[in-house]
Amino acid sequence: MKKIVLFVLLSMMAVTATFAQEAAFTQAVAKFKSAKTATANVTMTQHNAALTKNTTATGSLYMKDPDKVCISVNGGKDQLVMNGNTFTMVMKGRKHVANSKISAQFATFKSVFYSVLSGGKSDISKLSGVSVAQSGHNVVVTIVPVAANAKEKRRMMFSSFELVINKSTNALVSLSMKDRRGGYTKYAFTGFRFGGSVNDKVFNP
């Protein structure tokens, strides 16, 4: 009987924690419900595990409801673009294209950003590999892509993503991506602005 009671209590605590996390996320993205676009300044920091010195570059962030995100730095030579199901990465001028329908590492990424842009309409707490935590005034969303098999895991460019959102202002604070070799790319956002005109051309690199 004691084991049953303990199990019930632990289950209730887990459910309560999940609701609290989802509520925090919904609060952190509330402004996106009315704002169809958002822009910000970006500072990109890249860390290569094999090198001692990080590299940095600056640029811009563009977001547009319902599923468009573009981070463009270094004069467009480095970009991360989500346009519907299509993900485009431009690294030092070289373009790599993936589709979230067949790529596990981007499928959950798309679902999370779709929820951000919709103001929290979809419940990300039910997504596999996603966790939400509160850290001070921020909400931290961690995405660990789940591979279907060993071959798919080897093909993954990133081992995890971390999105930080200010719960009070709803501004994105940073987006970090860790690769499988111990390096990372971090985008820090400043001057975050809701609304305004965003040309669809930026989502077609």
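**Entry 1. Terms and model**

I count two strands as paired if DSSP finds at least two bridges between them. Helices (H or I, at least four residues) and strands (E, at least two) are DSSP runs, numbered from the N terminus. I note that this is a predicted model, in which local features need pLDDT of at least 70 and side-chain atom pairs count only at pLDDT 80 or more, while totals for chains, interfaces and linings use all residues. Residues are numbered from 1 along each chain as its sequence is written, and side-chain values use heavy atoms, with hydrogens and water left out.

**Entry 2. Strands 2 and 3**

I looked up the pairing of strand 2 with strand 3 and found an antiparallel arrangement with six bridges. The two strands form a hairpin with three residues between them. Lys64 has Lys68 of strand 3 as its bridge partner.

I then checked burial, where buried means under 20% relative accessible area, exposed over 50%, and partly exposed in between (1.4 Å probe, protein chains only). In strand 3 (residues 68–73), six of six residues are buried. The covered residues lie on both faces: Lys68, Cys70 and Ser72 on one side, and Val69, Ile71 and Val73 on the other.

I followed the chain into strand 4, which pairs with strand 3 in the antiparallel sense over six bridges. Val73 has Asp78 of strand 4 as its bridge partner, and Lys68 stands opposite Asn83. Four residues lie between the strands of this hairpin, and Asn74 there takes a positive phi near 55°.

Strand 4 is also mostly covered, with six of its six residues buried. I list Asp78, Leu80 and Met82 on one face and Gln79, Val81 and Asn83 on the other.

Strand 4 pairs in turn with strand 5, antiparallel, over five bridges. Asn83 has Thr86 of strand 5 as its bridge partner. Two residues lie between these strands in a hairpin, and Gly84 in the turn has a positive phi of about 70°.

**Entry 3. Cavity**

Grid points are joined across faces, edges and corners, and a volume is the space filled by probe spheres set on the points.

I found one cavity of 30 Å³ or more. The largest cavity has a volume of about 40 Å³. Its lining consists of Val69, Ile71, Leu80, Val81, Met82, Phe109 and Leu175. Strand 3 and strand 4 are the elements that give two or more residues to this lining, and strand 4 gives the most, with three.

For residue classes, Ala, Val, Leu, Ile, Met, Phe, Trp, Tyr, Cys and Pro count as nonpolar, Asp, Glu, Lys and Arg as charged, and the others, Gly among them, as polar. The cavity lining divides into seven nonpolar, no polar and no charged residues.

The largest pocket holds about 830 Å³ of space. I find 29 residues in its lining, with Gln46, Asn48, Met91, Asp179 and Thr185 nearest the centre. The elements giving two or more residues to the lining include strand 1 (37–47), strand 10 (172–179) and strand 11 (184–194). By class, the lining has 13 nonpolar, nine polar and seven charged residues.

**Entry 4. Core**

I take a nonpolar core as a set of buried Ala, Val, Leu, Ile, Met, Phe, Trp, Tyr and Cys residues joined through side-chain atoms within 4.5 Å. The largest one has 42 residues, of which Leu61, Met63 and Val141 touch the most other members. Helix 2 (residues 104–117) supplies the largest share of this core, six residues.

I examined Val141 for contacts (heavy atoms within 4.5 Å). Leaving aside neighbours within four places in sequence, its partners include Phe25, Val112, Ile124, Phe161 and Leu163.

**Entry 5. Ala171**

Ala171 sits in the loop between strand 9 (158–166) and strand 10. Is Ala171 buried or exposed? Ala171 is buried, with a relative accessible area of 15%. Beyond neighbours within four places in sequence, Ala171 contacts Val164, Ile165, Asn166 and Phe192. I also noted that its C-alpha atom is separated by 9.0 Å from that of Ala38, 133 residues apart along the chain.

Technical notes: On a 1 Å grid over the protein atoms alone, a cavity is a set of points where a 1.4 Å probe fits but cannot get out, and a pocket is an open set with protein on both sides within 12 Å along at least five of seven lines; lining residues have an atom within 4 Å of a point.
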